[in-house]
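Subject: Handing over a structure

Hi there,

Here is the structure I promised to pass on. Please have a look at it first, and then read my notes below.

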Amino acid sequence: MSIWWSLHLRREAASVPLARRLLIGTMETAGVDPDISYDLSVALSEACANAVEHGGDTGRGPGSEAYRVTAYLDGEKCRIEVADAGPGFPAASAGRSRPPVRPAHSDAENGRGLCLIEELADHVHIGNKPGRGGAVVSFDKVLKWRSDAPLMAV
């Protein structure tokens, strides 16, 4: 079984629950275990919230006022990618393939999203779009299925 979808969303707070509900609905319909669906939906919400808050640059024109969410349920894995047209992440330090993710204080209201994504997903890639600018956060998780899953991978 393979399912994929892609959304082109405005950088508005209302787009975050829209993406989350679509992901949860897709996984519920496919028969993914609710705990896995919840983890991935929280990670997606954090990635979308980052794109909404940091992912635009008015100097780049109207395209910077949108971001893209793509989800793939393929076999035993779900992969999600959130890409924006903002300034991207700061350049990686020497010897690192990506910018460091710094944990935020537990009482901080901001700055916990990327750490939370890393905790909830099995594999995370954080980087910049080559050449065009913008950030890309992608993550995946091995799926578990309900016993009555209608679309379970075989």
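**What I found**

By salt bridge I mean a side-chain nitrogen of Lys or Arg within 4 Å of a carboxyl oxygen of Asp or Glu. Asp148 is exposed, at 53% relative accessible area, and Arg146 is partly exposed, at 24%. Here "buried" stands for under 20% relative accessible area, "exposed" for over 50%, and "partly exposed" for what lies in between (1.4 Å probe, protein chains only).

Before going on, please keep in mind that this is a predicted model, in which local features need pLDDT of at least 70 and side-chain atom pairs count only at pLDDT 80 or more, while totals for chains, interfaces and linings use all residues. Residues are numbered from 1 along each chain as its sequence is written, and side-chain values use heavy atoms, with hydrogens and water left out.

**The overall layout**

The protein chain has three helices and five strands, and along the sequence they follow the pattern β-α-α-β-β-α-β-β. Helices (H or I, at least four residues) and strands (E, at least two) are DSSP runs, numbered from the N terminus. Of the 154 residues in the chain, 42% are buried. The accessible surface comes to about 8,700 Å², and 52% of it belongs to carbon and sulfur atoms; these areas come from the Shrake-Rupley method with a 1.4 Å probe, and for residues only the protein chains shown count as cover. Among contacts between residues at least 6 apart in sequence, 65% join residues at least 24 apart, where contact means heavy atoms within 4.5 Å.

How many salt bridges does the structure hold? There are six. One of them joins the side chains of Glu65 and Arg11, at 3.1 Å from N to O. This pair links distant parts of the chain, 54 residues apart: Glu65 sits in the loop between helix H2 (34–54) and strand E2 (66–74), and Arg11 in the loop between strand E1 (2–10) and helix H1 (15–30). Glu65 is partly exposed, at 34% relative accessibility, whereas Arg11 is buried, at 17%.

Another salt bridge brings together Asp39 and Lys141, at 3.8 Å from N to O. Asp39 lies in helix H2 and Lys141 in strand E5 (residues 135–142), so the pair ties together parts that are 102 residues apart in sequence. Asp39 is partly exposed, at 21%, and Lys141 is buried, at 11%. A polar atom of the Lys141 side chain also lies 2.8 Å from the backbone oxygen of Leu120. Leaving aside neighbours within four places in sequence, the residues in contact with Lys141 include Ile36, Leu40, Glu76 and Asp122.

**Strand E5 and its partners**

Is E5 enclosed or open to the outside? Seven of its eight residues are buried, so E5 is largely enclosed by the rest of the structure. E5 pairs with E3 in the antiparallel sense over seven bridges, and Val82 has Val137 in E5 as its bridge partner. E4 and E5 also run antiparallel, joined by six bridges, with His125 opposite Ser138 in E5. Two strands count as paired if DSSP finds at least two bridges between them. The hairpin of E4 and E5 has six residues between the strands, and there Gly131 takes a positive phi near 80°.

**The nonpolar core**

The largest nonpolar core has 38 residues, and those with the most contacts inside it are Leu40, Leu44, Tyr67, Ile80, Val82 and Phe139. Such a core is a set of buried Ala, Val, Leu, Ile, Met, Phe, Trp, Tyr and Cys residues joined through side-chain atoms within 4.5 Å. Helix H2 gives the most to this core, with nine residues.

Finally, Val69 lies in strand E2 and is buried, at 0% relative accessible area. Its C-alpha atom is separated by 7.9 Å from that of Cys48, 21 residues apart along the chain.

Best wishes

Technical notes. Polar contact = N/O pair within 3.5 Å; in protein donor to acceptor, adjacent residues only side chain to side chain.
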